[in-house]
Every structure is written in C-alpha cells, then in structure tokens.
Amino acid sequence: MQIIVCKDYEEMSRKAAELAAVSIRDNPEALVSFPGGDTPVGMVHAFAEMVNEEKVDISKASYVSLDEWVGLSNSDEGSCGLFNRENLINRLHKPFARMHLINGAAEDIQQERKALDEFIQTYGPLDVSVLGIGMNGHLGFNEDGVDFNLNAHIIPLSETTKQVMTKYFGEKFHPEYGISQGIRQIMAAKKVILIANGAHKAEILKLAVKGEVTNRVPASVLQNHPNCYVVVDQAAAAML
C-alpha cells in the first residue's frame, strides 16, 4: 500500500482523480469503476473536469458502477446510479465508449448480477477501481463477513450500513440487500485507489491499513493488493 496524506478534502479529491486518469492514459481502453456516496463527490467532479479539459481521453474507455441498493433503479433518488448520472455522466462533454450502471430494481436481480459479471469479464479486468470505505470497513456492498472469493453478488446489508443509509433515504426507503462487484473483481484490478476523509473514518481506516487482514474488516484485504493507493486527508489519517 502507498499511503498519500493530503492536506484537505479538495487535495485528496484531485490526487485520486489524477491517479485514475493515469490508468486511462496508460491504457486508453481501460475499464474504470468509481463509488457513490459523499466521499467521492469531489474526486468524480475533478475527474469530469479533467475529461472536459481534454487532460484525459475516455473515448475508448469503459465505465462500470461499483454497487447499488437492491430495489432502486439507476434513476431513483438516493441510488448509486443517480449519483453516477448527476456527478459524472451528465457532466462529461464526451462520453465513455461503453457504460454499465447496475439496475437494483431489475425484475430479475440475479440476471442483473450476471450482467455485471459479464460486463467486467468482457471489458476487464478493471484497470482502476476507486473505492470508499464504510464505517464497518466495507468496500461497495462487500459487508463485514463477506467471502473474499466472490465475484458480483447480492448480499444482506449490515446493521451499520442500514444506520448510515438514513442520510440518503430518511424514512422513505429501507433496503435490506445490496448488489456489488465482489472482492475477487476488486483485487483483480490493476490499480486500486482507496479514498477517505474526515476524523470519523480514522479508526476504521487504521484497522483496514494497519490491522489484521480479515473479512470482519473487508477493506483490510487491500493490504494484499500489489498496486493500492490509500489517498486520505489529514483528519482520516490521524491514527495511521
């Protein structure tokens, strides 16, 4: 792991975006994956600006979303798909060559899981996987206790995730499952970029980066990745 401590959220976001852009410059047909949520907003915006300023060419590259709440389509409020549309796709002056956004409201969710696997198999492996870290150490919806050998899968949400999700849905929606790329696919990525900001992430980040490699803290598996960057602000790095 290469740990990069940035002075603030803005620097963290720019650094992560640049690391992602390098992967596309190295392979113009790269397969790229970004997370949704509060942490990656700045990074995704910075990446879109780089594309629009022609600092990176995505015209031959592919994009795949990381995860989705089961029950939400990629246009529903609070969905990861809508995050992708509003914060990345709709900001781009020129699109990715191919995209796959997970539809958590698919009538056949197992077929949707299969479609995610097939897209990654066809255009992958991932050249760059950008990830946030959950308060329980999850990556995407690879919750604590997850099998590290899984590809795309559907998984019950942890109690920690259910508590955190209220900031996205309030009392309107109470998903019980997530659909996610699996740890096997993340670990097969040529480059992984883990981002975190804020003092509230300091403790779980320490466990992930310095603690035992265990599925009780799924992000700890990244200690075994040969090309992993941990890009954090000073507050998140306080316990490293």
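**Figure 1. Cysteine residues of the predicted model.** With a disulfide defined as a pair of cysteine sulfur atoms within 2.5 Å, the count is zero. The model is predicted: local features need pLDDT of at least 70, side-chain atom pairs count only at pLDDT 80 or more, and totals for chains, interfaces and linings use all residues. Residues are numbered from 1 along each chain as its sequence is written, and side-chain values use heavy atoms, with hydrogens and water left out.

**Figure 2. The open sheet E4-E8-E7.** Three strands form this open sheet in the order E4-E8-E7, with antiparallel pairing (two strands pair if DSSP finds at least two bridges between them; strands are DSSP runs of E with at least two residues, helices are runs of H or I with at least four, and both are numbered from the N terminus). From one strand to the next, the twist averages 25° (axes are lines fitted to C-alpha atoms, for helices over the stretch in contact, and angles run from 0 to 180 degrees between N-to-C directions). Strand E8 (residues 177–180) runs antiparallel to E7 and is joined to E7 by four bridges. Pro156 has Tyr177 in E8 as its bridge partner.

**Figure 3. Surroundings of Ser220.** Ser220 lies in the loop between helix H8 (202–210) and strand E10 (228–233). With a relative accessible area of 0%, Ser220 is buried. Its side chain reaches the backbone oxygen of Val217 at 2.7 Å. When residues up to four places away in sequence are not counted, Ser220 touches Leu207, Ala208, Glu212, Val213 and Thr214 (contact means heavy atoms within 4.5 Å).

**Figure 4. The chain as a setting for the close-up views.** The chain has eight helices and ten strands. Along the principal axes, its C-alpha atoms fill a box of roughly 45 × 40 × 35 Å. Of the 240 residues, 54% count as buried. Among contacts between residues at least 6 apart in sequence, 78% join residues at least 24 apart.

How values were computed. Buried < 20%, exposed > 50% of the residue type's maximum accessible area, 1.4 Å probe, protein only. Polar contact = N/O pair within 3.5 Å; in protein donor to acceptor, adjacent residues only side chain to side chain.
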